[in-house]
Amino acid sequence: MPILVERDTDNGSSFLKNGSMLLENLIASCGAKFTNPIRTYSADELIRATNNFDPSCMIDGGRNYQMFRGFLDGRSIVVKKFMWENYEDEARSLAICDIIISMQVSNHNNVLKLLGCCLEFPVPALVHENAAKGVLNSRGGLGPNDQSLLPWKTRLRIAKQLANVLTYLHTAFPRTIIHRSLTPSCIFLDHDFVPKLSNFSLSVTIPRDVTTVRGTLGYLDPAYRMYFHISEKTDVYGLGMLLLVFLTGQREALKFYLPGDEQNIPYASASDGQIQETVDPKIFEEVGEDEKARQDLHDFTALALLCTRYRSELRPDMIDVAKELMRIEKSMFP
């Protein structure tokens, strides 16, 4: 049964309200780079493209949004539609933030490109390019039943490219962009398994005072969750948890320290047997008995644990994470 879609029935009132808010935020971000022109779509276009947002077209969904695959102007697209119920103003703010940040970063090869938006719904909808392989599941693989884990070489390449695009967010703009909500559901893969980062609705630029905690439990930086302190290290923590998901193939990354404990396990002296207890067995099948490859896998584990240190000042900078992942990839797959 198609999803009931609320549309603007008041002579464009939603268009005017959303458009004025978008313009206001664009002006506030005038120091940012907007090199990706986008177009506006009508509600009718998106309804036709998604067969009235039919559930069979849905490819992903979170607490605040749903994403639908559609076909428009001779190309495959992804439509992100926010759900608001009794929180229309909050949902509108999330959508506008997603549009503004996506406009700034969409030219990067590892970002899901924003094609445009629709302002005719009570809350704006986003229109992205389609990524052929779809979105990662909670275990870091593909498929609705969490059955299709990716080869280790692919996981490692995805991790490296994610670190690269996050370094771009942290360094390429007048004000640092923090993604703030890194999870597998933010990552799409194209036909070549190139990762495309999405969902910038919770992203912020710093410095900025933050008084509420938003994100996914399990991926939240303890410094942000407990003290509302947000920095580049917030994304480093989130990426570290993603690295552990890639390493273990588990829905929830393993906890390597006790709650409130600032000391991780001594990963630098962890034995190969200890690592084998946590790593996805398929990875060891690929790596085999090659001593050098096993050391590289050990280094990857050490990096993931370093990124998830309880104290943010003990974590590496994102650019150093990217360099180490590049080194590991070149060593394992020259």
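Okay, quick ground rules. Residues are numbered from 1 along each chain as its sequence is written, and side-chain values use heavy atoms, with hydrogens and water left out. Because the model is predicted, local features need pLDDT of at least 70 and side-chain atom pairs count only at pLDDT 80 or more, while totals for chains, interfaces and linings use all residues.

Let's start with the rings. You describe a pair of aromatic rings by the distance of the centres and the angle of the planes. Rings of Phe, Tyr and Trp (for Trp, its six-membered ring) pair if their centres lie within 6.5 Å; planes under 30 degrees apart are stacked, over 60 edge-to-face, and the rest tilted. By that rule we get five aromatic pairs.

Take Phe53 and Phe68: their ring centres are 5.1 Å apart and the planes sit at 75°, so this pair is edge-to-face. Phe53 is in the loop between helix H2 (43–49) and strand S2 (58–61), and Phe68 is in strand S3 (residues 65–72), 15 residues apart. Helices and strands here are DSSP runs, numbered from the N terminus (helices are H or I, at least four residues; strands are E, at least two).

Phe53 also pairs edge-to-face with Phe121, at 6.0 Å centre to centre and 70° between the planes. Phe121 is in the loop between strand S5 (114–118) and strand S6 (125–129), so this pair ties together parts 68 residues apart in sequence. Put together, Phe53, Phe68 and Phe121 form one aromatic cluster.

So, is Phe53 buried or exposed? Buried, because its relative accessibility is 0%. Buried means under 20% relative accessible area, exposed over 50%, and partly exposed in between, using a 1.4 Å probe and protein chains only. Phe68 is buried too, and Phe121 counts as buried at 1%.

Phe53 has another neighbour to look at: Lys81 lies over its face, at 5.5 Å from the ring centre. For that, NZ of Lys or CZ of Arg must be within 6 Å of the ring centre and within 35 degrees of the ring normal. Lys80 does likewise over Tyr65, at 4.4 Å.

Now, the helices. In helix H6 (residues 232–248), 16 of the 17 residues are buried, so H6 is largely enclosed by the rest of the structure. Just after H6, Gly249 takes a positive phi of about 70°.

That's it from me!
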